[in-house]
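Please keep the sequence and the 3D view open while going through the numbered points.

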Amino acid sequence: MRHLRSFGRFWWDFVVGDDWLVAALVAIAIGAAAALAHSGVNAWWLLPAVVVLVLWLSLRRAVARG
Amino acid sequence: MNTTFLVLSAFLASAVEMVEALTIVLAAGLARGWRSALAGLGAATVALAVAVAALGPALTVIPLSALRLAVGALLLVFGLQWLRKAILRASGFKALHDEDAIFARELAEARTAERVERAGVDWYGFVLSFKGVLLEGLEVIFIVLTFGSAQGSIPLAAAGAGGALVLVAGVGVAVRAPLARVPENAMKFAVGVMLTTFGIFWSAEGAGAHWPGSDASLLGVLGFVILLSLGLVRLLRRERRLRLRAAEVRA
């Protein structure tokens, strides 16, 4: 059980890293881009816009934490 | 253009991780003996080769659009992590990565650890070297396989990583010291920019969007990520200066 937990923690740290908000917002944005594409909207601009927001929010959180 | 970008990204990302792995292997070798350090390096290399052999062919059978969506999403999350740290380092909110300091710390810890022999090798030195190479190597594999498969050329990405391996290992053997002069912080910044660029490009394509100008827009995305990152560094540097000034006034 301990090994399983540390295996899970390793992959969490490896992929998600220090700020879970980044992964969560990226997942939502990709889902939104896919939904827009499905309804006929070519939302190539969505991910660059979300990257601006995600980086800004994540950096603010890091700076606030010190 | 995309080919150059692919090889360069794989080379830079791999070089950064290999410099870090080299520091750990050197600390293990000097403090605990080269036999255990090299045994750890060899065992980790075998484990990484098994991972490549298992994952590489599996990735080639996944349809390209699904692969680009998954790879793009992973690269975007991964790239934003790198970029976030690089921006914090460049703006002074996080300490710069210092191979000399890391080497000194690893060496001190390795010298004080208790000596336990297993199968004729010092266990601490073996595990230190094994874990260091495996963890840094996994990042290399992740980048090479994802970049290579999504761009349709794993061998090209592997060539970039191979070039980095030859260079870092060659210089490491020649100088037998941590490669502190490698501009690691700048390289990490560049890798963060490249991973984020590919991540944005592929995840949007995988989600069904079409870039204006097709593959040529990758350059536009690259320029956008560079400008955004440099702008954020500038903003945070100014904020840090203001904070320091306010702290001086209070003191």
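1. H7(B) and H8(B) pack with their axes 9 Å apart and at an angle of about 130°, where axes are lines fitted to C-alpha atoms, for helices over the stretch in contact, and angles run from 0 to 180 degrees between N-to-C directions. H7(B) is therefore oblique to H8(B), given that angles under 35 degrees count as roughly parallel, over 145 as roughly antiparallel, 65 to 115 as roughly perpendicular and the rest as oblique. The crossing of H7(B) and H8(B) is right-handed; a crossing has that name if the near helix is turned clockwise from the far one by less than a right angle, and is left-handed if the turn is anticlockwise.

2. This is a predicted model, in which local features need pLDDT of at least 70 and side-chain atom pairs count only at pLDDT 80 or more, while totals for chains, interfaces and linings use all residues. Residues are numbered from 1 along each chain as its sequence is written, and chains are lettered from A and ligands numbered from 1 in the order in which they are written.

3. Which residues of H7(B) meet H8(B)? They are B:Val193, B:Thr196, B:Thr197, B:Ile200 and B:Phe201, and their partners in H8(B) are B:Leu218, B:Val221, B:Leu222, B:Val225, B:Ile226 and B:Ser229; two residues are in contact if their C-beta atoms, placed from the backbone, lie within 7 Å. By class, this contact of H7(B) with H8(B) has eight nonpolar, three polar and no charged residues, where Ala, Val, Leu, Ile, Met, Phe, Trp, Tyr, Cys and Pro count as nonpolar, Asp, Glu, Lys and Arg as charged, and the others, Gly among them, as polar.

4. In the loop between helix H7 (184–206) and helix H8 (217–250) of chain B lies B:Ser214, which has a positive phi of about 55° although it is not a glycine. As background, most residues other than glycine have a negative phi. B:Ser214 counts as exposed because it has 9 C-beta neighbours inside 10 Å; a residue is buried if 20 or more other C-beta atoms lie within 10 Å of its own, exposed if 12 or fewer, and partly exposed in between, with C-beta atoms placed from the backbone.

5. H7(B) also packs against helix H1 (residues 2–32) of chain B, at an angle of about 135° and with the axes 9 Å apart, so H1(B) and H7(B) are oblique to each other. H1(B) passes H7(B) in a left-handed crossing. Among the residues that make this contact are B:Leu12 and B:Val16 of H1(B) and B:Met187 and B:Val191 of H7(B), and the residues of the contact divide into nine nonpolar, one polar and two charged.

6. For chain B as a whole, the secondary structure comes to eight helices and two strands, both being DSSP runs numbered from the N terminus (helices are H or I with at least four residues, strands E with at least two). From the N terminus on, the order of these elements is α-α-α-α-β-β-α-α-α-α. Of the 251 residues of chain B, 45% count as buried, and the C-alpha atoms fill a box of roughly 60 × 60 × 25 Å, taken along the principal axes.

7. Where chain B meets chain A, 27 residues of chain B are in contact with 26 residues of chain A. Helix H3 (64–90), H7 and H8 of chain B each supply at least two residues of the side that touches chain A, and H3(B) gives the most, with 11 residues. That side of chain B has 21 nonpolar, five polar and one charged residues.

8. Leaving aside neighbours within four places in sequence, B:Leu145 is in contact with B:Leu55, B:Gly56, B:Leu59 and B:Ile154. B:Leu145 and B:Ala157, which are 12 residues apart in sequence, are 7.5 Å apart in space, C-alpha to C-alpha.

9. In chain A, A:Arg9 is found in helix H1 (residues 2–15), and A:Arg9 is exposed, because 10 other C-beta atoms lie within 10 Å.
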